[in-house]
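I opened my notebook to look up a few sites and charged pairs. Come along and follow my entries.

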Amino acid sequence: MEETICERSVGSIANEIVRKETVAPGFTLMEIRAPDIAEKIQAGQFMILRVDEAGERIPMSVADWDRERGTVTLVFQELGLSTKKLGLMEPGQRLANLAGPLGKAAEVGHFGTVAIVSGCFGTGPGYALAKALKGAGNRVIYIAEAFRGEFHFWLDRLAEVADRLIVASGDMTVGSARWAKDPLRDLLESEEIGRVYLIGCTFMMATCSRASEPFGVETRASLMPIMIDGTGMCGACRVNVAGETKLACVEGPEFAGRDVDWSELMERARGYLKEEERALDLWEIDNWHLVRFRDRGPEERRKRGGPRRC
């Protein structure tokens, strides 16, 4: 269930958070004032932000935008230190940096019937992609997967832009399937699909890519490797595609799923897990009061010294 936490009128301050919602447990929506990005952003592109001057650079796919209001919308899951700190920010506060749009836009054309598969946090950018493909005259079949049923969000919005919506959840509490690869395989066996798009966790994209490969359908996967600068200078986002090294931030993030070395991509993504866990543990020790009182009412947080909300 969506819970509106706070909203501010859109002013003229760039990088300001103007709206925040909890859309599912651990998943937060933020609308941010960024007129230059909102003017140019396209489906499939991303931004890189920093919460504060000491923070790391976080790549974030864009879920929606409003060119007239000059805002961009992202939905993120709190998984590590940087996303935890981002989740504590409130409307009226400003991000230290916000850069974009970055990466190449998704390949959007008229392909007939297309299938879009998203997992958990991928629902946000998947929604933007579905709107773009629908606008190009395609029949859109959307498969939404979540690790648990309670992690699903925006199913109503997906139903508005998709001609058919299929819901899967790992715990089988929502929808008719457990994992997205199974309805995708059924779909490819029963209908003529012009193209498949994958966006979400790497494991889901890998399994769906392998499921579609025997059918010979062009499958595009939006990769999310480790990134730092987003301009191709650092090389951290390199991926193995068709035996060649590609930089996902400038040559992607979308690549042909059949050409991606999924095993290498997943192994590289696990490279800093211990360091990330330790960084989060140390931060929570120093900032336990912020975490403890974040879900209390504004008056109680002020009395106890917790973060303020507008």
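I first noted a cut-off: a residue counts as buried under 20% relative accessible area, as exposed over 50%, and as partly exposed in between. I also noted that this is a predicted model.

Entry one, a charged pair. I looked up Glu251, which has 31% relative accessibility and therefore counts as partly exposed. Its salt-bridge partner is Lys246, with the closest N and O atoms 3.8 Å apart. Lys246, at 22%, is partly exposed as well.

Entry two, the annotated site. I found that UniProt, in an unreviewed entry, places a "binding site" at Cys234, Cys237 and Cys249. They span 16 residues in sequence, yet no two of their C-alpha atoms are more than 10.2 Å apart, so they gather at one spot. I located Cys234 in the loop between strand 13 and strand 14, and Cys249 in helix 7. Among the contacts of Cys249 I saw Phe46, Met227 and Cys237.

Which residues does Glu107 pair with in salt bridges? I found Arg195, at 2.7 Å from N to O. That pair links distant parts of the chain, 88 residues apart. I also found Arg220, at 3.6 Å. Glu107 lies in the loop between strand 8 and strand 9 and Arg220 in strand 13, so this pair ties together parts 113 residues apart in sequence. Arg195 is buried at 10%, and Arg220 is buried at 12%. I noted that Glu107, Arg195 and Arg220 belong to a salt-bridge network that also includes Glu218 and Asp259.

Note on methods
Residues are numbered from 1 along each chain as its sequence is written. This is a predicted model: local features need pLDDT of at least 70, side-chain atom pairs count only at pLDDT 80 or more; totals for chains, interfaces and linings use all residues. Side-chain values use heavy atoms; hydrogens and water are left out. UniProt positions are given in the numbering used here, feature names are shortened, and annotations may be inferred rather than shown by experiment. Helices (H or I, at least four residues) and strands (E, at least two) are DSSP runs, numbered from the N terminus. Contact means heavy atoms within 4.5 Å. A salt bridge is a side-chain nitrogen of Lys or Arg within 4 Å of a carboxyl oxygen of Asp or Glu. Buried means under 20% relative accessible area, exposed over 50%, partly exposed in between (1.4 Å probe, protein chains only). Lists of a residue's contacts leave out its neighbours within four places in sequence.
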